[in-house]
Amino acid sequence: MEQPMQVRAYLDDTYADEADTRVIAVGQRDGRPWAAVEHCLFHPQGGGQPADRGWLDDVEVVPVKDEQSGLVVTEGPELAVGQRVRARIDLRLRLAHAALHTAGHLVEAAGRSFGWELAGSNHFPGQARVEFTDPRADPRLADPGGREEVTAELRKVVAAAVDEDLPVTAETNEQGRRVVCLGALHAAPCGGTHVRSLGDLTDLVVPTVKVKKGRVRVSYSAAHGTR
């Protein structure tokens with residue numbers, strides 16, 4: 001059976017919040033009905049980013065990635081293939097997630113400028129952090145004063161990139177993977193939503209770094225500003 005084609009519009013335009021579309025597939029997950037729409041605005045949870053909040057017509061749905069079909073599907077009302085529906089997302093929540101995810105990439109870029117290597121990340125509100133290993137074993141990380149010194153340098157890298165308002169773009173590499181770029185500063189494979197440029201970030205706070213179980217943990221918070 002031919003796989004239905006789905007446009008993952010959330011990867012093309014973070015700021016698109018509604019679209020008229022049609023149902024291209026239906027099924028069940030754990031006894032609950034799901035539907036996949038052709039023009040998909042819904043970002044499912046994944047890559048350290050939470051799922052969007054959304055609606056099909058006036059019914060709230062939960063977007064998830066269906067591993068069997070490979071489609072982003074919405075759990076909720078029982079729909080029929082070919083049915084026309086209006087898809088909407090909570091744009092305020094989307095932009096909050098996008099700001100945190102983009103800020104995470106920026107923190108990663110700053111950490112890499114110290115020679116640190118990425119070990120993990122989480123972009124959930126209230127839990128946002130990037131963890132690194134430090135092959136160079138910077139001795140300053142061993143005491144509180146040194147960690148504050150390192151954090152101050154990290155904050156300068158982050159602030160400079162925001163002040164420069166570096167563009168945030170996505171491209172497809174030779175392997176067919178989507179790569180998100182912060183100007184020429186940083187590039188990383190990513191399937192998340194992001195702001196248009198780093199000047200969209202506001203209230204970007206980086207507390208003093210911590211070292212736990214051999215990892216350098218950089219927590220952060222950020223929001224989407226208005227311009």
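Ala 137 counts as exposed in this predicted model, because its relative accessibility of 53% lies over the 50% that marks an exposed residue. The residue is found in the loop that runs between strand S10 (129-133) and helix H3, and its backbone has a positive phi of about 55° although Ala 137 is not a glycine. A positive phi of about 55° is also found at Asp 57, which likewise is not a glycine. Asp 57 belongs to the loop between strand S5 (54-56) and strand S6 (59-65), and with a relative accessibility of 36% Asp 57 counts as partly exposed, since that value falls between the 20% limit for buried residues and the 50% limit for exposed ones.

The protein as a whole contains three helices and 17 strands. Its C-alpha trace spans about 60 × 40 × 35 Å along the principal axes, and of its 227 residues 46% count as buried. The accessible surface comes to about 11500 Å², and carbon and sulfur atoms contribute 48% of that area.

The packing of two of the helices can be described in some detail. Helix H2, formed by residues 91-112, and helix H3, formed by residues 144-164, pack at an angle of about 130°, and their axes are 9 Å apart. The crossing of the two helices, H2 and H3, is right-handed. On the side of H2 the contact is made by Leu 106, Ala 110 and Gly 111, and on the side of H3 by Leu 154, Val 157, Val 158, Ala 161 and Val 162. Sorted by class, the residues in the contact of H2 with H3 comprise seven that are nonpolar and one that is polar, with no charged residues.

Helix H2 also holds His 105, which is buried, as its relative accessible area is 5%. When residues up to four places away in sequence are not counted, His 105 touches Val 180, Leu 182, His 186, Ala 188, Cys 190 and His 194.

Arg 22 lies in strand S2, which covers residues 18-29, and with a relative accessible area of 31% Arg 22 is partly exposed. Although Arg 22 and Gly 82 are 60 residues apart in sequence, their C-alpha atoms are 5.7 Å apart in space. With its neighbours within four places in sequence left aside, Arg 22 is in contact with Gly 82, Gln 83 and Arg 84, and also with Ala 36, Val 37 and Glu 38.

Pro 33 lies in strand S3, which covers residues 32-37. Residues up to four places away in sequence again being left out of the count, Pro 33 touches Gly 27 and Gln 28 as well as Thr 74, Glu 75, Gly 76, Pro 77 and Glu 78. Between Pro 33 and Ala 9 the separation is 24 residues in sequence, and the distance from C-alpha to C-alpha is 22 Å.

Conventions: Residues numbered from 1 in each chain as written. Predicted model: local features only at pLDDT ≥ 70, side-chain atom pairs only at ≥ 80, totals over all residues. Heavy atoms only, no water. Axes fitted to C-alpha atoms, helices over the stretch in contact; angles between N-to-C directions. Helix = DSSP H or I, 4+ residues; strand = E, 2+ residues; numbered from the N terminus. Left-handed = near helix turned anticlockwise from the far one by under 90°. Contact = heavy atoms within 4.5 Å. Nonpolar A, V, L, I, M, F, W, Y, C, P; charged D, E, K, R; others polar. Buried < 20%, exposed > 50% of the residue type's maximum accessible area, 1.4 Å probe, protein only. Areas by Shrake-Rupley, 256 points an atom, 1.4 Å probe, with all protein chains shown as cover.
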